Amino acid sequence: MTAVTVRVPAKVNLQLSVGPRRDDGYHDLVNVFHAVSLFDEVTASVPVGVPPGAGPAVVSGTATVTVSVEGDSAGQVPLDGDNLAVRAALALAERAGRPVAVHLAVRKAIPVAGGMAGGSADAAAALVACDELWGLRLDRRELLDIGAGLGSDVPFALFGGTAVGTGRGERLAPVPVGGEFHWVFALADGGLSTPAVYGECDRLRESTGEPVAWPRADEALMAALAAGDAKALGVALVNDLQPAALMLRPSLERTLAAGREHGALGALVSGSGPTCAFLAESPAHAADLAAALRDADVCRATVTAHGPVPGAEIVAG
Ligand SMILES: C[C@@](CO)(OP(=O)(O)O)[C@H](O)COP(=O)(O)OP(=O)(O)OC[C@H]1O[C@@H](n2ccc(N)nc2=O)[C@H](O)[C@@H]1O
Ligand SMILES: Nc1ncnc2c1ncn2[C@@H]1O[C@H](COP(=O)(O)OP(=O)(O)O)[C@@H](O)[C@H]1O
């Protein structure tokens, strides 16, 4: 085999409850992840010459990795050792026990720095693709462990579906879901830095002086998911990072308000933002809502999607 292609979904956080800041700088979370049908694709291949569009070769030990990126906001994605897909391939190469060389071709549809975990998705896809290309056949548990070392959101991109993440968000348990949900995502110009949004959340909390509660899974949200009840889910959606994201990007207030005015069942910032997520009643309602958001001129672009969908999976090779 000379090439393997993996498709990997974006996520939206249905509940993002943020506990106190830990000594290591992270926050303990209850993070209810939901994988949606907005996908990046990563093809891992044995390089022949210099692949078109590739960044500089990143060499570590006996592994050599290059990456190229095309698609939505590709210019904002690093092409060196900072690329999360490259870091994933290098981490996996340590398990190969022989010299390996790989080119990663990333096709992005997930907005960059958008709060939809696109970088984490590409890392997960690179793990699955290189595992297959190099014939390692690590079990899922090992891939999840390597993923957790790369970033808090990487294990979920492997896991997919709907799941609750505790700890940093990396310890996952599946959540039962009784139906399909329809979403509109309003994409923003530019991104927001995840550490900056957590930092702003800490600052806002310190300014109130109130103790920060230990995060707990929301029972109404879990019941809504189990029943496949979109109306109840819309009411239960919650994101503790939203006030911080709105402080850093006040224009998102208008985006959220426009979605609510046009009948969204629920509206919230996706993770650390700035993408805004709107829950719709049906695919037709999602299409109408997306058109209304574009007419209101409150976002760069809209995408409709459904969830839950599976995590990173091989589509060719
Ligand atoms: C906020 C969330 C919600 O799912 O994702 P995004 O919306 O950015 O995609 C995640 O918590 C982001 O996860 P991820 O982007 O993987 O973060 P990491 O690389 O592990 O950490 C980046 C930085 O975010 C902060 N961080 C992350 C996770 C966590 N539980 N507490 C934190 O305080 C820390 O400042 C850390 O240095
Ligand atoms: N493969 C990748 N795709 C997107 N961003 C990447 C990737 N690798 C590294 N990054 C860096 O990670 C940052 C966060 O990107 P991303 O994961 O898309 O956002 P978020 O953390 O908001 O979900 C980007 O600003 C970019 O510099």
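Trainee: Which domains give residues to the shell around ligand 1?
Mentor: Domain 1 (3–174) and domain 2 (181–307) each contribute at least three residues to that shell. Please keep in mind that this is a predicted model.

Trainee: How many residues surround ligand 1, and which are the closest?
Mentor: There are 20 residues around ligand 1, and the closest are G151, S152, D153, G271 and S272. Strand 1 (3–21), strand 2 (27–45) and helix 5 (194–208) are the elements that give two or more residues to this shell.

Trainee: And how do the shell residues divide into nonpolar, polar and charged?
Mentor: Twelve residues of the shell around ligand 1 are polar, six are nonpolar and two are charged.

Trainee: Back to the domains: how many residues are in contact between them?
Mentor: On the side of domain 1, 29 residues are in contact with 34 residues of domain 2. Strand 1, strand 2 and strand 6 (162–166) each supply at least two residues of the side of domain 1 that touches domain 2. That side of domain 1 consists of 17 nonpolar, ten polar and two charged residues.

Trainee: What separates the centres of the two domains?
Mentor: The centres of domain 1 and domain 2, taken over C-alpha atoms, are 24 Å apart.

Trainee: Changing topic, is strand 8 buried or exposed?
Mentor: Strand 8 (residues 181–187) is mostly covered, as seven of its seven residues are buried. On one side these are F181, W183, F185 and L187, and on the other H182, V184 and A186, and both faces are covered.

Trainee: Which strands are joined to strand 8 by bridges?
Mentor: One of them is strand 12 (residues 301–307), which runs antiparallel to strand 8 and is joined to it by seven bridges. Within this pairing, A186 has T302 as its bridge partner. Strand 11 (residues 276–280) is also antiparallel to strand 8, with five bridges between them. There, W183 is partnered with L279.

Trainee: Stepping back, how many helices and strands are in the protein?
Mentor: The protein has ten helices and 13 strands. Its radius of gyration is 19 Å, close to the 20 Å that the globule rule gives for 317 residues, so the protein is as compact as a globular protein of that length.

Trainee: What share of the residues is buried?
Mentor: Buried residues account for 52% of the 317 residues. Of the contacts with a separation of 6 or more, 74% are between residues 24 or more positions apart.

How values were computed
Residues are numbered from 1 along each chain as its sequence is written. Chains are lettered from A and ligands numbered from 1 in the order in which they are written. This is a predicted model: local features need pLDDT of at least 70, side-chain atom pairs count only at pLDDT 80 or more; totals for chains, interfaces and linings use all residues. Helices (H or I, at least four residues) and strands (E, at least two) are DSSP runs, numbered from the N terminus. The radius of gyration is taken over C-alpha atoms; the globule rule is 2.2 Å times the number of residues to the power 0.38. A residue is buried if 20 or more other C-beta atoms lie within 10 Å of its own, exposed if 12 or fewer, and partly exposed in between; C-beta atoms are placed from the backbone. Two residues are in contact if their C-beta atoms, placed from the backbone, lie within 7 Å. A residue is near a molecule or strand if its C-beta atom, placed from the backbone, lies within 6 Å of it. Ala, Val, Leu, Ile, Met, Phe, Trp, Tyr, Cys and Pro count as nonpolar, Asp, Glu, Lys and Arg as charged, and the others, Gly among them, as polar. Domain bounds come from an automatic or database domain assignment. Two strands pair if DSSP finds at least two bridges between them.
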